[in-house]
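Q: I would like to learn how to read a few backbone and packing features from a model. Could we take them one at a time?

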Amino acid sequence: ESRALIPFPPGPHEEAPAATIFTEQGGECFLMDPAGTVTRYETKSWTAVGAAMKHPRLDSAYEFAAAASDDGKWLATFDDAGENGPKGQLQLWDARTSKALGMPLSNTNGFTARFLRESDRVLVLPARGEATVRALPSMKVLYRIPAHDEIDGPRVEVSPNEKLLLAWGSDKVLTVHDTDTGKALAASPAKATIMQVLMAPDSSACFVVYDNSAFPAEGYQDYYVARLTLPDLTVSATHRSLEYARGTALSPNGRRLLLLEGGDDAERLVIVDAVTLQPVHKAETVTAH
């Protein structure tokens, strides 16, 4: 049964998606249309609340996205300028008043953003350069997270209890930071490329997927999953796969890790214990037709 019909204007590109963000309690919803404008709705009658917030797009803007704090107090709009080097924009908003928090930030290849639940702070992740944690509404930089690459910005995950930030990049080093101060607490250098980082739901550990393949074109794959304790980043268990690692997921209770291995013509599902990383179930190989 339809509750509401909300028309969207077309975006600058045919594949530009719309974004839907619900607040934690579900009472409000932010809808970003493909052209980059966000409207706040209350979800009982789907009535628009306040003025629309139009992302300050540049002519080079490629695709728009948005993030909102769980309580619906703050909103971020940002864009991806593609891989050719043009500028992208990020604008922070007071979502209750639909007012922009100062001028937009501008950076090569754009931004993403994530709000921290425990305080009025936002993690700003640029495509190039250092990441920052900023206070709201002042936009004051509380601390910076160094890049792990000479060009690209760091990739960052936040622990579920929001006490730790994990950052990594092409330098193959994983670092853990205190979210209050930004202080680096530990580092774990590796000789393999970090592909993915998953956080245990109790924030006691993280799971890092490494690609150590030296001759993938010849069909030789070498992937590892390591369980590292937090915050010291001590390796407590490892799992090795000589098949292509297509994807990894952690169960909501943190007890099982799901690994999808193999190429396009033969995939298999491996389920391992999240503490020991030993297989508890291995599905039959599925051959593509």
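Q: Which residue does Cys-29 stand opposite in β3?
A: A word on the source: this is a predicted model, where local features need pLDDT of at least 70, side-chain atom pairs count only at pLDDT 80 or more, and totals for chains, interfaces and linings use all residues. Residues are numbered from 1 along each chain as its sequence is written, and side-chain values use heavy atoms, with hydrogens and water left out. Helices (H or I, at least four residues) and strands (E, at least two) are DSSP runs, numbered from the N terminus. Two strands pair if DSSP finds at least two bridges between them. Here, Cys-29 stands opposite Tyr-41.

Q: How many bridges join strand β2 to strand β3?
A: Five bridges link β2 (residues 28-32) with β3 (residues 37-42), and the two strands run antiparallel.

Q: In what order do the four strands of the open sheet stand?
A: The order is β1-β2-β3-β4, with antiparallel pairing. β1 (19-22) and β4 (47-54) each have a single partner strand, so one side of each lacks a neighbour in the sheet. From one strand to the next, the twist averages 20 degrees. Axes for such angles are lines fitted to C-alpha atoms, for helices over the stretch in contact, and angles run from 0 to 180 degrees between N-to-C directions.

Q: Is Glu-162 buried or exposed?
A: Buried means under 20% relative accessible area, exposed over 50%, and partly exposed in between (1.4 Å probe, protein chains only). Glu-162 has a relative accessible area of 5%, so it is buried. Its phi is positive, about 60 degrees, although Glu-162 is not a glycine. The loop between β14 (155-158) and β15 (164-168) holds Glu-162.

Q: Which residues does Val-209 touch?
A: Contact means heavy atoms within 4.5 Å. Not counting residues up to four places away in sequence, Val-209 touches Thr-193, Ile-194, Met-195, Gln-196, Tyr-224, Val-225 and Thr-248. Val-209 is in strand β19 and is buried, at 6% relative accessible area.
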